[in-house]
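Here is a protein model to read with some care.

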Amino acid sequence: AEIASFNRELHLQGLTEDLASVPPVLSGAEVRAGIEALYRVIHGRELFRDDGLVADAAAHATWVARMALGGLTKPVRVRYGFTVAFTNARIIPTDEPLYESPGDVEFDQVQNSGLDPGTPVVVLHESADGKWLFIKDGNASGWVKRGNIAFAGRWVWLRHLRGRDSGVIVAARAPVYLDRGMRKPAAFVRMGTRLRIKHVARHAVQVSYPLRHTDGTVRFVTAFVTPRDIIRGVLPYTQRMVFTQAFKLLD
């Protein structure tokens, strides 16, 4: 009961969002406001490009034009999807990094979040060239590469979002295999990633893993995870478990 109350409080504070509660249709003005609010994180700041020069007004004008905000005059029909690779969520639709000072390349100010494969997202808008999608994943929003998203119908998406058979990755970084012999990882997923469990065996846990058809729709295949790297449900919330998980991150 206390955990449920804590989670509700996070939603009320706007720190997380229950994606299942997002209406299937949103006003264009609401979507535009969300995109503009994210852009304000970097707008008006003196930020530097790779060449050491300040990102000037012309650069910002290019990025804003790419957002295609003028197209958000009508209601927006929400689309649903899953990430099929590790995916950067960007504050503006560009791969170009921006830094607080020339040569300070340790932290890219345009990076808002990173999403592991299999993350459910809602898609709210796309860039003028169609190469970027504006999404939410429940913890953050941002612009992601279109090719990293596989679209799904709402009922398929909800089944994975709410599935009681979900497992949680408890390793710092767990390999996911597409071959039964588990010889060549298809991807790596980080602690906290959720994947639907299909079957648990002694040497491998079978999970449902999303791939992308050429038409952009999702195709779920059977993948394999080492049993020690995934659990069904959630870990017990104890002090000992907090320390155990924290030290896994230190390898």
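Q: Why is Asp229 called buried rather than exposed?

A: This is a predicted model, in which local features need pLDDT of at least 70 and side-chain atom pairs count only at pLDDT 80 or more, while totals for chains, interfaces and linings use all residues. Residues are numbered from 1 along each chain as its sequence is written, and side-chain values use heavy atoms, with hydrogens and water left out. Buried means under 20% relative accessible area, exposed over 50%, and partly exposed in between, with a 1.4 Å probe and protein chains only. Asp229 has a relative accessible area of 8%, so Asp229 is buried.

Q: Which residues does Asp229 touch, leaving aside those up to four places away in sequence?

A: A contact means heavy atoms within 4.5 Å, and on that basis Asp229 touches Val168, Ile169, Val170, Ala171, Ala174 and Pro175.

Q: What makes Met182 count as buried?

A: Met182 has 18% relative accessibility, which is under the 20% limit, and therefore counts as buried. Met182, too, has a positive phi, of about 50°, without being a glycine.
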